[in-house]
Amino acid sequence: MTVDAAAPAYRRKLFWVALLYFSEGLPLGVFYDIFPVWFRQQGVNLADIGLLSLLGLAWTVKFLWAPAIDWARHHRRWVAAANLGMAGVMVAFALAGLALGPWVWVAIGAFTVLSATNDIATDGYTIELLDQREYGLANGLRIGFYRAGMLTAGVLLMLSGWLGWGAAYAFGAAVFLLNGAMALLAPRERARLGAPLASVGAEFALLRRQPAFLVALGLVLLGLLWPVLGPAARWLDWAGVQAVSGSWWFRGAVPVGLMFAGATLLVRSARTPAALALRDGPVFGAWVELLLRPGMVPVLAFILLFKLGDSAMGFMVKPFWVDAGFSAGQIGFVSVNIGLALSIAGGLVGGWYVDKRGIFRGLWVLGLWQAVSNLVYAAAAHVVPLLTPGAAATMGVAPEHMALVYAASAFESLTQGLGTGAFLAFLMGITSKQRATTEYAILSSIFAFSRSVAGWAGGIGAQELGYATYFFLTFWLSFPAYFLLPQVRRMLEREATPGV
């Protein structure tokens with residue numbers, strides 16, 4: 001099916017891409033913008049609000065149940081059911097008023113699992129719906145409407161101030177219901193490509209002869225979930241774990257080491273003769289199929305590294321604004337609202353460029369622009385003076401310094417959209433349509449892990465080196481991925497060649 005410009009909007013592929021990714025962005029905005037404010041206004045302490053972030057791990061480990069969605073198919077129904085479930089959580093909160101209790105944590109946990117399920121089904125459906133030549137523009141719309149969904153959570157936040165939390169949550173429930181109903185009207189899923197997958201029972205019978213594969217997956221999962229241990233220790237009063245939970249080796253070296261040990265064992269296990277039989281399995285077959293592709297290991301390393309510089313700087317940008325004396329209103333208006341518009345514009349321009357020049361050229365050209373934004377922020381941090389510790393911003397920021405930081409923010413938002421558009425097109429381009437749902441969940445989880453590690457390292461780097469030096473260093477972190485571009489190009493060429 002190709003895009004027909006004469007067809008009504010509801011029959012065009014890109015219309016459904018926009019609608020579905022609005023549906024995917026809204027829950028993330030609710031989780032990060034609505035729930036913490038609601039909790040704080042109800043008197044919940046900051047430590048407990050911090051524990052809320054652990055429920056967001058559902059987005060990191062979503063590959064665990066992605067095979068079930070891939071096997072069951074009917075992606076539109078999964079999307080509709082997930083939105084119906086999230087609407088139910090909103091209704092429960094609307095009716096609860098101020099009656100907080102343990103059930104709220106269970107409800108938010110269910111909300112994040114439903115949101116991750118919505119992500120899995122949406123990503124798999126979109127990859128199967130689109131042709132590779134459509135990835136660029138589709139990802140531009142995807143970025144824009146995903147962020148529009150997140151911005152809608154801000155509208156709910158404003159409604160809570162005008163009409164109260166009950167009305168805000170009720171309105172949110174209505175939006176989720178509408179998203180779910182619209183998803184059912186999307187074009188029907190394509191039939192699964194290739195031969196039918198083996199049964200789950202047959203796959204687990206094979207796994208009993210491949211214990212190393214399960215151990216490898218266990219190490220990967222342990223590395224992903226390791227960040228839970230520190231907050232859980234404070235919650236459960238585990239004094240021994242609390243004593244070391246703030247150290248660099250506990251927070252960074254151990255989870256990274258577990259991930260790399262698991263990945264190394266996975267590669268070795270997947271290439272043994274006994275593992276070849278797992279390739280057709282519905283649960284672990286996607287892992288084996290990915291790792292057996294020629295050149296996949298350096299491509300996975302590229303996924304970890306491509307946005308490393310961008311991610312490493314991104315977590316420290318807002319603290320820099322605060323330390324430079326900007327008010328919350330200035331940060332919100334320029335860095336969030338204007339930044340949102342420029343990110344959307346960057347995504348659309350990046351998508352257009354990828355469609356015209358190809359995914360490979362888009363990666364290295366738009367990736368360069370993405371890296372240059374780190375230099376612009378480094379220059380701003382070098383020139384703009386910071387407040388002394390404990391000082392208040394009584395005189396405001398000098399106009400020339402304000403203009404410089406605003407320009408850096410605008411450039412960073414625009415180029416981030418450029419790089420993200422190319423990167424998402426790349427992930428879609430190397431994903432097999434036969435296992436699109438599971439494979440994309442695996443690849444996006446790998447990227448999410450690198451983003452988390454970069455954010456952790458960013459706090460230490462900015463604290464020890466200062467903003468200007470650290471931002472300059474993050475510029476160079478963008479380039480290790482470029483050494484892997486030849487393998488990326490070969491992978492893209494193989495995926496674009498029928499029968500290969």
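1. The secondary structure of the protein comes to 22 helices and zero strands. Helices (H or I, at least four residues) and strands (E, at least two) are DSSP runs, numbered from the N terminus. The model is predicted: local features need pLDDT of at least 70, side-chain atom pairs count only at pLDDT 80 or more, and totals for chains, interfaces and linings use all residues. Residues are numbered from 1 along each chain as its sequence is written, and side-chain values use heavy atoms, with hydrogens and water left out.

2. Of the 500 residues of the protein, 50% count as buried. Buried means under 20% relative accessible area, exposed over 50%, and partly exposed in between (1.4 Å probe, protein chains only). Among contacts with a separation of 6 or more, residues 24 or more positions apart account for 84%; contact means heavy atoms within 4.5 Å.

3. The largest nonpolar core has 78 residues, and Phe213, Phe302, Ile303 and Phe426 have the most contacts inside it. A second, separate core of 32 residues includes Val30, Trp59, Met90 and Leu159. Such a core is a set of buried Ala, Val, Leu, Ile, Met, Phe, Trp, Tyr and Cys residues joined through side-chain atoms within 4.5 Å. In soluble globular proteins, nonpolar side chains tend to be buried together.

4. Phe213 deserves a separate entry. Leaving aside neighbours within four places in sequence, Phe213 is in contact with Leu207, Leu266, Ser269, Ala270, Phe284, Trp287 and Val288. Of these partners, Leu266 and Ala270 also take part in the contact of H12 with H14, as do Trp287 and Val288.

5. On that helix pair: the axes of H12 (residues 248-270) and H14 (residues 285-292) come within 9 Å and cross at roughly 85 degrees. H12 is therefore roughly perpendicular to H14. Axes are lines fitted to C-alpha atoms, for helices over the stretch in contact, and angles run from 0 to 180 degrees between N-to-C directions. Angles under 35 degrees count as roughly parallel, over 145 as roughly antiparallel, 65 to 115 as roughly perpendicular and the rest as oblique. From H12, Leu266, Val267 and Ala270 meet Trp287, Val288, Leu291 and Leu292 of H14. The contact residues divide into seven nonpolar, no polar and no charged. Here Ala, Val, Leu, Ile, Met, Phe, Trp, Tyr, Cys and Pro count as nonpolar, Asp, Glu, Lys and Arg as charged, and the others, Gly among them, as polar.

6. For H18 (residues 359-383) and H21 (residues 467-476), the axes come within 8 Å and cross at roughly 165 degrees, which means that H18 is roughly antiparallel to H21. The H18 side of the contact consists of Ala371, Val372, Asn374, Leu375, Tyr377, Ala378, Ala381 and His382, and the H21 side of Tyr467, Ala468, Phe471, Phe472, Thr474 and Phe475. These residues divide into 11 nonpolar, three polar and no charged.

7. Ser413 is found in helix H19 (residues 399-429). Ser413 counts as buried, because its relative accessibility is 5%. Not counting residues up to four places away in sequence, Ser413 touches Gly339, Leu342 and Ser343.

8. Arg73 is buried, with a relative accessible area of 12%, whereas His74 is partly exposed at 38%.
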